[in-house]
Amino acid sequence: MKKMRFDEIVGQSRAMQEIYEIISKVAGKNVNVLVQGESGTGKELIVRSIHYNSDRYKHAFIKVNCASLPEQLLESELFGHEKGSFTGALQQRIGRFELAHQGTLFLDEIGEMSLVTQAKLLRAIQYREFERVGGSKTIKVDTRIVCATNRDLWKAVQEGRFREDLFYRLNVISLQTVPLRELKEDIPLMVSHFLKKINEKFQGDVSGGCSAGL
């Protein structure tokens, strides 16, 4: 059995132990996962850990930040496009879904995706196939979807800003991150971890102390 890896995730508190346990249970299951929590609480580290502890770890881990691209560009980023399909499409582009075949596609800030793109994402997940923008050829993929958001996605569903059917497709397994203010006992470990990384990067010998009673 492959040993579980949590390389960049730091903490030994009960809350962190529960997160390690969830990762261990879901990593090997070929299901979609939704990671929710405040900004800066390690959502991407958890997603990466799920991928690298899964049977897909030898294949690609592809990330898309859904908040950083306008609607048309996000669709092209996800599904790719054919040459000439829109102004500026000077050559064929392979989308992230296709690049993540047999691996994991990480959709960060999924709550920022428009309803139009949500509908296309739903179809790709449901049927494991899609067409590139401007194309007619159906492309079949085997891609695991792991999403993250700092929004209350169920509230967005109730407000009509997120599709309920897509929510249930993505939220097969849900994982909630824990903010630092609730992990005070882990702060000394985190300080030691980051000091070690700084010393390794700059070949220094920075030291520091941190009381476990913070």
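The model is predicted. Helix α5 covers residues 115-127, 13 residues in total. From its first C-alpha to its last, α5 reaches 18 Å, close to the 18 Å expected at 1.5 Å a residue. Its buried residues are T117, Q118, L121, L122, A124 and I125. Viewed down the axis of α5, these residues fall within an arc of 165 degrees, so they line one face of the helix.

The buried residues of α5 have several packing partners. Among the helices, these are α3 (71-79), α4 (96-99) and α7 (164-170). The strands β5 (104-108), β6 (129-131) and β8 (144-149) also pack against them.

The axes of α3 and α5 lie 10 Å apart and form an angle of about 15 degrees. Because angles under 35 degrees count as roughly parallel, the two helices α3 and α5 are placed in that class. The crossing of α3 past α5 is right-handed. On the α3 side, the contact is made by E71, L74, E75, L78 and F79. On the α5 side, V116, T117, K120, L121 and A124 take part.

The residue that follows α5 is R128, which lies in the loop between α5 and β6. R128 is not a glycine, although its phi is positive, at about 55 degrees. With a relative accessible area of 37%, R128 is partly exposed.

Q102, in the loop between α4 and β5, is a residue other than glycine with a positive phi, near 70 degrees. Q102 has a relative accessibility of 36% and therefore counts as partly exposed.

Methods: Residues are numbered from 1 along each chain as its sequence is written. This is a predicted model: local features need pLDDT of at least 70, side-chain atom pairs count only at pLDDT 80 or more; totals for chains, interfaces and linings use all residues. Side-chain values use heavy atoms; hydrogens and water are left out. Helices (H or I, at least four residues) and strands (E, at least two) are DSSP runs, numbered from the N terminus. The expected span of a helix is 1.5 Å times one less than its number of residues. Buried means under 20% relative accessible area, exposed over 50%, partly exposed in between (1.4 Å probe, protein chains only). The arc is that of the directions from the helix axis to the C-beta atoms. Contact means heavy atoms within 4.5 Å. Axes are lines fitted to C-alpha atoms, for helices over the stretch in contact, and angles run from 0 to 180 degrees between N-to-C directions. Angles under 35 degrees count as roughly parallel, over 145 as roughly antiparallel, 65 to 115 as roughly perpendicular and the rest as oblique. A crossing is left-handed if the near helix is turned anticlockwise from the far one by less than a right angle, and right-handed if clockwise.
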